[in-house]
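Welcome! Please take a moment to look over the sequence and the 3D picture, and then read the notes below alongside them.

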Amino acid sequence: MAHLRSRRRLALAVPVVLSLTASLGFLPGAASAAPLTASAATRADGPNLAYVVNTRADHRTVASVEKAITGAGGTVVIAYEQIGVIVVHSADPDFGRRIRAVRGVQSAGATRTAPLAAAGTTDEGAVKVLSAAEAAKVSRSAAAGQEPLEADQWDLRAIGADRAARTDPGSKKVTVAVIDVGVDDTHPDIAANFSASQSANCVGGKPDTTYGAWRPVDADHYHGTHVAGEIAAARNGVGVAGVAPGVRVSGITVAEPDSTQLFYPESVVCAFVFAADHGVEITNNSYYVDPWLYNCLDDPDQRAIVDAVNRAQLYAQHKGTLNVAAAGNSNDDLDADALADASSPDDSTPVPRTVDPHKCFDVPTQLPGVVTVSSTGVTGAKSYFSSYGKGVIDVAAPGGDRFQIPDTPSKNGRILSTLPNNQYGWLQGTSMATPHVAGVAALLKSKYPWAGPDTLQRLLKAEADNPGCPAGPYDGNGDGVVDATCVGDKHLNGFYGAGIVNALRAVR
């Protein structure tokens with residue numbers, strides 16, 4: 001589950017974002033209109049792969065390209081005409097090259113390197129389930145007005161979310177969609193705030209809205225339920241509390257149902273479009289799109305992935321949705337000249353490579369307009385695992401750190417939240433920081449219902465507390481080795497961006 005984010009992106013205003021936008025689906029398609037031969041249409045001697053084919057967002061062009069896809073030996077799974085993205089399956093090993101030569105196709109490529117199976121989160125380390133005995137011990141420490149397990153939720157107090165709830169817990173008119181491995185809406189801390197009408201299963205690229213389709217397939221798919229509880233666990237006298245316990249939360253499943261839990265591009269495209277078309281105000285993205293940790297624009301397959309997902313998330317933004325994403329757990333400087341990527345592709349055999357994060361993008365977190373989140377521990381210091389980078393990180397939030405120990409009943413520096421099957425447990429990672437930001441954004445949207453994505457992002461930054469760069473060398477794990485270098489000042493720096501979000505200030 002290395003792709004789950006317990007996760008990364010470029011700053012909104014830096015030149016690379018402009019070059020990203022200019023170099024993707026906004027250029028004319030390939031000029032060639034070479035006819036497809038009959039033999040090409042019948043070839044099927046390779047692995048059955050999924051593709052995204054990107055074209056102009058108009059009915060006539062999409063219909064023409066769909067016809068060419070069939071002629072090239074592809075099968076259309078679904079066409080998102082509103083953004084010009086078509087999801088395709090093909091067993092023709094030459095399909096990508098051939099379809100890129102079709103007039104009107106702006107980019108196209110395989111979304112995976114392994115064959116389709118019959119029918120990336122970013123948490124750092126395994127989940128630790130809270131036992132009944134441990135829960136009883138924590139409950140004895142609960143103060144008046146607290147949820148039974150709230151004494152262990154140092155993260156709420158760190159951003160003033162406990163006090164904010166007394167002033168404004170958030171509005172039921174605001175929904176945060178958890179794009180993830182599934183959400184257990186039967187959990188007693190989630191059920192009251194769950195929006196089934198804004199939930200779906202998008203695995204494979206086509207939404208399934210069958211009742212319950214959004215639920216995790218088993219208890220090992222716990223990541224989305226943990227995230228949902230961090231955002232909107234109800235203050236109902238049961239378990240824990242969320243940052244915005246009065247808002248609604250939905251689940252859009254994008255992870256493969258097997259043990260890999262991979263997040264393929266076509267599923268994420270589906271999720272952003274579905275969220276936008278169903279009135280979701282905020283999406284939480286605690287993952288990176290598989291199979292590439294970084295997608296380089298000089299590779300036609302990776303370029304098509306960036307193009308397709310970017311179209312979908314920009315569509316959501318244009319419909320009024322704020323997208324929040326995790327920066328990653330590699331302790332990488334995302335503003336560095338070069339980074340090592342030894343994990344890609346993660347659905348077959350990885351080939352170590354060196355990439356320039358200004359030219360090769362972690363998706364969706366490095367896409368324009370997405371809020372990129374780094375992680376902090378109980379002391380307010382950057383979590384030892386959290387990636388960072390000046391001009392990349394927008395804001396920071398509590399995501400846990402096992403080396404920063406809180407004065408709580410369990411003395412656990414990770415984040416406590418909901419798990420499937422009515423359980424609770426601890427996780428750490430930028431996956432856990434991101435829902436704190438999504439929750440604060442939901443409080444801001446509740447207070448300022450007219451605010452669009454750009455305004456919400458500005459408000460998040462304006463309400464944040466920035467501790468500035470550390471006074472001395474940063475040694476996150478205490479081994480005596482400098483682990484990262486913070487660049488910037490108390491207004492903007494690589495560890496915290498504009499600062500650590502503040503829920504209390506948001507509602508006041």
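Here is a short tour by topic: cores, sheets, helices and salt bridges.

This is a predicted model, in which local features need pLDDT of at least 70 and side-chain atom pairs count only at pLDDT 80 or more, while totals for chains, interfaces and linings use all residues. Residues are numbered from 1 along each chain as its sequence is written, and side-chain values use heavy atoms, with hydrogens and water left out.

**Nonpolar cores**

- A nonpolar core is a set of buried Ala, Val, Leu, Ile, Met, Phe, Trp, Tyr and Cys residues joined through side-chain atoms within 4.5 Å.
- Buried means under 20% relative accessible area, exposed means over 50%, and partly exposed lies in between (1.4 Å probe, protein chains only).
- The largest nonpolar core has 60 residues, and Ile282, Val437 and Val440 touch the most other members.
- Helix 11 (residues 430–447) gives the most to this core, with nine residues.
- Another core, of 43 residues, lies apart from it; its members include Leu4, Val52, Ala308 and Ala325.
- Which residues does valine 440 contact, leaving aside its neighbours within four places in sequence? They are Ile159, Val243, Leu460, Val501, Asn502, Ala503 and Ala506, where contact means heavy atoms within 4.5 Å.

**Strands and sheets**

- Helices (H or I, at least four residues) and strands (E, at least two) are DSSP runs, numbered from the N terminus.
- Two strands pair if DSSP finds at least two bridges between them.
- Seven strands make an open sheet in the order 9-10-8-11-13-17-18, with parallel pairing.
- At its edges are strand 9 (200–201) and strand 18 (395–398), each pairing on one side only.
- Strand 9 runs parallel to strand 10 (residues 248–253), and two bridges join them; asparagine 201 has threonine 253 of strand 10 as its bridge partner.
- Strand 2 (residues 49–55) pairs with strand 5 in the antiparallel sense over five bridges, and threonine 55 stands opposite valine 105 in strand 5.
- Strand 5 (residues 105–110) is mostly covered, as six of its six residues are buried.

**Helix packing**

- The axes of helix 9 (residues 265–277) and helix 10 (residues 300–318) come within 8 Å and cross at roughly 10°.
- Axes are lines fitted to C-alpha atoms, for helices over the stretch in contact, and angles run from 0 to 180 degrees between N-to-C directions.
- Angles under 35 degrees count as roughly parallel, over 145 as roughly antiparallel, 65 to 115 as roughly perpendicular and the rest as oblique.
- Helix 9 and helix 10 are therefore roughly parallel to each other.
- Among the residues that meet are Val268 and Phe272 in helix 9, and Ile305 and Ala308 in helix 10.
- In helix 12 (residues 453–462), the buried residues include Leu456, Leu459 and Leu460.
- The buried residues of helix 12 pack against helix 10, helix 11, strand 13 (322–326), strand 17 (371–376) and strand 18.

**Salt bridges**

- A salt bridge is a side-chain nitrogen of Lys or Arg within 4 Å of a carboxyl oxygen of Asp or Glu, and by this rule the count comes to 13.
- Arginine 56 and aspartate 58 meet in one of them (3.2 Å, N to O); arginine 56 is exposed at 52% relative accessibility, and aspartate 58 is partly exposed at 23%.
- Aspartate 407 forms a salt bridge with lysine 411, with the closest N and O atoms 3.8 Å apart; aspartate 407 counts as exposed at 74%, whereas lysine 411 is partly exposed at 45%.
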